[in-house]
Amino acid sequence: MTPSAETAPPGPGPGPAPGPANPSARARAFSASRTIATTARVLRQLRHDPRSIALMLFVPCVMLLLLRYVFDGSQRTFDAIGASLLGIFPLITMFLVTSIATLRERTSGTLERLLAMPLGKADLILGYALAFGLLAVVQSALATGLALWALGLDVIGSPWLLLLVALLDALLGTALGLFVSAFAASEFQAVQFMPAVIFPQLLLCGLFAARDTMHPVLEAISDVLPMSYAVDGMNEVLAHTDITADFVRDVLVVAACALLVLALGAATLRRRTP
Amino acid sequence: MQPAVHAADLSVVRGGRPVLRGLGFDVPRGQVTGLLGPSGCGKTTLMRAIVGTQAKVTGTLQVLGHPAGAPELRSRIGYVTQDPSVYDDLTVRQNLDYFAAILDPGRAAAARRRDDVARVIAEVDLTSHADALAGALSGGQRSRVSLAVALLGSPELLVLDEPTVGLDPVLRRDLWNLFHAIADRGATLLVSSHVMDEAERCHRLLLMREGAILADDTPDALSEASGSVESAFLHLVDEADAHANADDTTTAERQEQAR
């Protein structure tokens, strides 16, 4: 292209010697540097989109603020719903962000390109999870901080435990988004998956009615939906000073669900496509 | 020396329909091989099979001495899809930095990666646009970013799907000069096109139509018989059609006799 390309092979470029250009380029199941490179790339993409970052970080805060004054007369209701929402916001945001981001990766052809390169599927998925997990930490810290110190959310347990649950919820949202993006052919469909996947969990998680007062069939369904445990975990922290057995169970269930769905998401990434 | 690509009885089925039917050909090393044929004839499917991203491939397909799609090949093949596959919300350099980090990871390789990225940006003539967002570039510029990604790490085999579509003649000439410079360094190129006038720039040609290979020869040998590659192609198509019609007639006659 440039004159130099024709006349002389450019200096430091390692000419096309036979054999692998560099031995480290072989594909492995997991490579820390490729994962970190992917995380850095996803964050760099976000940095070119400050409006999305602002929406992700501040909309939950505005919602909490709104909620606080909607329940101006009953602090107890705000405590219960506020704590549940601290668990639900990261899940919903990360679900949306991840499903759209990975869908774009699929439709733009970059996913095919990456999978034809020595990139492990785990590198890609963990890279995404790490990038959005970092964002979720910031989002949860902002929302939790605002709720506890400015809005007077009355939490008996440690705020760190709230943050831990929020982070696991974010991971679950990322995992669900990744998984769902495999079944969406367009951004339009991906957005429609939110009501399909998230709303039933929202209705059954105990936010609107205590789970043990629901119809037994619905209660049984809510027992197998991960968001029920996310909300339950938040309420445990709200009401108890120390770590209860129920809290440990909730955290383990949410974490296990997130890992399971991440693994399912990895299975939807195919190197060979029809 | 064994060929860069060796195919025998290669077939691909897509959506229940055969797209490639029993192809057999070799792509010699260190040359530019052109894959010519009308759109929809199976060029892209064949390229995807060679790169290892196509499902439902049967028959023999050896690439650089390995079965197509083998993990060892992933860092040795550069592939450019027809539509540019780059991140529109990253700059040219950020795109290349990321793909370079996938090909050659680790902090120890950082200096080598930086040089490699600078080299490929210069090779596709985008140095002045290195810090522009890929999404803000023109179509031709974006496809050159996509090409630059494939040049990273100096792969031994470059598979380029219509890399010159929509480019002005000067740029097209420059790109073909670059392809020849890369071949001179010992790499193999497989370049598809549906424009017959690019044929003469290739060392060797594979003419394709309806999932089959009509001819596998040098451009000179092909145009010698009929005057140009295009008329050679038309002649071969007529011949193939006549053959197919003859087959149909004999079948019909046989059916007639059976009655």
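**The largest cavity and its surroundings**

Author: The lining of the largest cavity is made up, by class, of 12 nonpolar, three polar and two charged residues, where Ala, Val, Leu, Ile, Met, Phe, Trp, Tyr, Cys and Pro count as nonpolar, Asp, Glu, Lys and Arg as charged, and the others, Gly among them, as polar. Since the model is predicted, local features need pLDDT of at least 70 and side-chain atom pairs count only at pLDDT 80 or more, whereas totals for chains, interfaces and linings use all residues, and side-chain values use heavy atoms, with hydrogens and water left out. Residues are numbered from 1 along each chain as its sequence is written, while chains are lettered from A and ligands numbered from 1 in the order in which they are written.

The search runs on a 1 Å grid over the protein atoms alone: a cavity is a set of points where a 1.4 Å probe fits but cannot get out, a pocket is an open set with protein on both sides within 12 Å along at least five of seven lines, and lining residues have an atom within 4 Å of a point. Grid points are joined across faces, edges and corners, and a volume is the space filled by probe spheres set on the points.

Eight cavities of 30 Å³ or more are present in the structure, and the largest of them holds about 180 Å³ of space. It is lined by 17 residues, of which A:M117, B:R74, B:I77, B:G78 and B:Y79 are the closest to its centre. In chain B, β6 (77-80) and α4 (139-151) are the elements that give two or more residues to this lining, and β6(B) gives the most, with three residues; helices (H or I, at least four residues) and strands (E, at least two) are DSSP runs, numbered from the N terminus.

The second largest cavity contains about 80 Å³ of space. Its lining has 10 residues, with B:R119, B:S154, B:P155, B:I182 and B:R185 closest to its centre, and the classes there are six nonpolar, one polar and three charged.

Turning to the open spaces, the largest pocket has a volume of about 750 Å³. Of the 36 residues that line this pocket, A:M56, A:T93, A:L96, A:V97 and A:I100 lie nearest its centre. Two or more lining residues are given by each of α2 (32-47), α3 (50-70), α4 (75-107) and α6 (121-150) of chain A, and α4(A) has the largest share, 12 residues. By class, the lining of this largest pocket has 23 nonpolar, six polar and seven charged residues.

The second largest pocket holds about 570 Å³ of space. Its lining counts 25 residues, and those nearest its centre are A:R106, A:G109, A:E112, A:T273 and B:R48. The elements giving two or more residues to this lining are α4 and α5 (110-115) of chain A, together with α1 of chain B. Here the classes are eight nonpolar, nine polar and eight charged residues.

The buried residues of α1(B) are B:K43, B:T45, B:L46, B:M47, B:R48, B:A49, B:I50 and B:V51, where buried means under 20% relative accessible area, exposed over 50%, and partly exposed in between (1.4 Å probe, protein chains only). Just after α1(B), B:G52 takes a positive phi of about 95 degrees.

In the loop between α3 (110-123) and α4 of chain B, B:D125, a residue other than glycine, has a phi near 65 degrees and is partly exposed, with a relative accessible area of 38%. In the loop between β9 (204-209) and β10 (212-217) of chain B, B:E210, also a residue other than glycine, has a phi near 45 degrees and counts as exposed, at 53% relative accessibility.
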